[in-house]
Amino acid sequence: MKHIIISTGLMYFLFACSTAEKKVEPLPQKEVKALKVYQAPDTNELKDDEWGQMVRYGARIVRYSTYYIGPDGVASKNLRNKMTCTNCHLDAGTRPYGLNFFDSHRTYPQYRSREDAILTMSDRVNNCITRPHAGKPLALDSKEMIAIVSYIKWVGEKYNPEQHEGYGLKKINYDSLRASSEKGAVVYSIHCQSCHMADGGGLWNPQKTGYVNPPLWGPMSYQEGSSMHRVIKAAEFIKFNMPNLIAKYNQPALSDQEALDVAAFINDGRIHPRPVPKFHNYPNINTKPVDYFKGPYLDPYSEDQHAFGPWYEIEKFYAELKKEKKK
Ligand code: HEC
Ligand code: HEC
């Protein structure tokens, strides 16, 4: 009996406490919504009007770049190699974390450090035409350029960064890791060579008008200084997309270390030469990405450390420089 009295007393006490607490106005909480992986629209939904036709033409150029604007292109001859945009911008720039165009239209024009200038979407398209494709820029008013930028706009039309994820590439945790091209050679022979071949030259289609599996180094591959030539960027692409159609953003085949190692192996200029552009950019050396392989740098670290890591010391240097400037 005594027991019950005590416990009911306790209950009243607790009840009183909780009601007392309820009187305090709670801090307004921002609703945290889970982000959904964005699904690009389907070209079948496009109307057959002027806009629909232009977007479809853009989609075809991104998928069959070589046919339309390659060295023997039917519309123009701007590209110097036979890679296509979709070789890197997977599923024509619609694969989540596969170097897609989900948020591209919304984020351009933007400041670009490679040129130290504000670039429009068309300028950025021309960057890929002149860098990885070693070509000459498309005229800004050409039907092909208008089609490509229309397509890019359409791909991301419903993308909202507050609701969606999946844009561009997924980050890896490179922290204090160093990329080893020697170890990367082993990863390559196990996971990549069957498609991209022992000489890295890829596998041509029977007519040699394009690739079944595109090249990773050598004279027909992307040039030095292309974004894919940067080890961190390439590792982010590889980890969540390669081996093609086996690895996915939510099901990677390699660890961060293996992705860095194989990216180093592919991009190591000492063993795998590739076309050299006429000039290297970054007129403002302050803004060079940490994994850019060629000096001069503002920081005291070597080209080797920039190319293969570890990068945390370099990042720390620039973070401290920023703090100094703010003082
Ligand atoms: C060898 C691989 C490769 C090829 C081929 C390639 N690109 Fe790219 N492209 C990249 C990489 C890497 C980036 C940089 C993405 C980043 O900064 O995260 C990029 C960036 C872009 C961007 C900017 C996207 C954004 O949201 O920042 C556009 C637009 C683009 N490419 C269009 C094209 C078009 C059009 C073609 C074909 C004519 C093409 N690219 C061919 C690798 C490639
Ligand atoms: C099953 C065949 C296959 C395997 C295995 C494979 N790839 Fe690929 N890879 C492809 C194809 C196909 C593409 C182009 C995708 C497209 O056009 O849709 C590609 C594209 C690429 C690209 C961008 C385009 C270029 O040529 O620069 C890189 C980089 C790449 N692969 C690296 C790797 C690495 C590293 C591995 C091993 C971890 C690997 N791949 C394993 C088939 C493969």
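This is a predicted model: local features need pLDDT of at least 70, side-chain atom pairs count only at pLDDT 80 or more; totals for chains, interfaces and linings use all residues.
Trainee: Where does Arg124 sit?
Mentor: Arg124 belongs to helix 7, which covers residues 121-130.

Trainee: Buried or exposed?
Mentor: Arg124 has a relative accessible area of 15%, and the cut-off for buried is under 20%, so Arg124 counts as buried.

Trainee: Which residues is Arg124 in contact with, leaving aside neighbours within four places in sequence?
Mentor: Tyr108, Arg112, Arg114, Leu119 and Ser227.

Trainee: And what separates the C-alpha atoms of Arg124 and Lys30?
Mentor: The separation is 36 Å, for two residues 94 apart along the chain.

Trainee: Switching to domains. What does the assignment give?
Mentor: Domain 1 is 36-165 and domain 2 is 181-315. Their C-alpha centres are 22 Å apart.

Trainee: How many residues are in contact on each side?
Mentor: On the domain 1 side there are 23, and on the domain 2 side 28.

Trainee: What area is buried between them?
Mentor: About 2100 Å², with carbon and sulfur atoms giving 55% of that. Of the area that domain 1 buries against domain 2, Lys82, Arg114 and Arg131 supply 32%, more than any other three residues.

Trainee: Which elements give two or more residues to the side of domain 1 that touches domain 2?
Mentor: Helix 4 (85-88) and helix 7. By class, that side of domain 1 has ten nonpolar, six polar and seven charged residues.

Notes. Residues are numbered from 1 along each chain as its sequence is written. Chains are lettered from A and ligands numbered from 1 in the order in which they are written. Side-chain values use heavy atoms; hydrogens and water are left out. Helices (H or I, at least four residues) and strands (E, at least two) are DSSP runs, numbered from the N terminus. Buried means under 20% relative accessible area, exposed over 50%, partly exposed in between (1.4 Å probe, protein chains only). Contact means heavy atoms within 4.5 Å. Domain bounds come from an automatic or database domain assignment. Buried area is the accessible area (1.4 Å probe) that two parts lose on being put together, summed over both. Ala, Val, Leu, Ile, Met, Phe, Trp, Tyr, Cys and Pro count as nonpolar, Asp, Glu, Lys and Arg as charged, and the others, Gly among them, as polar.
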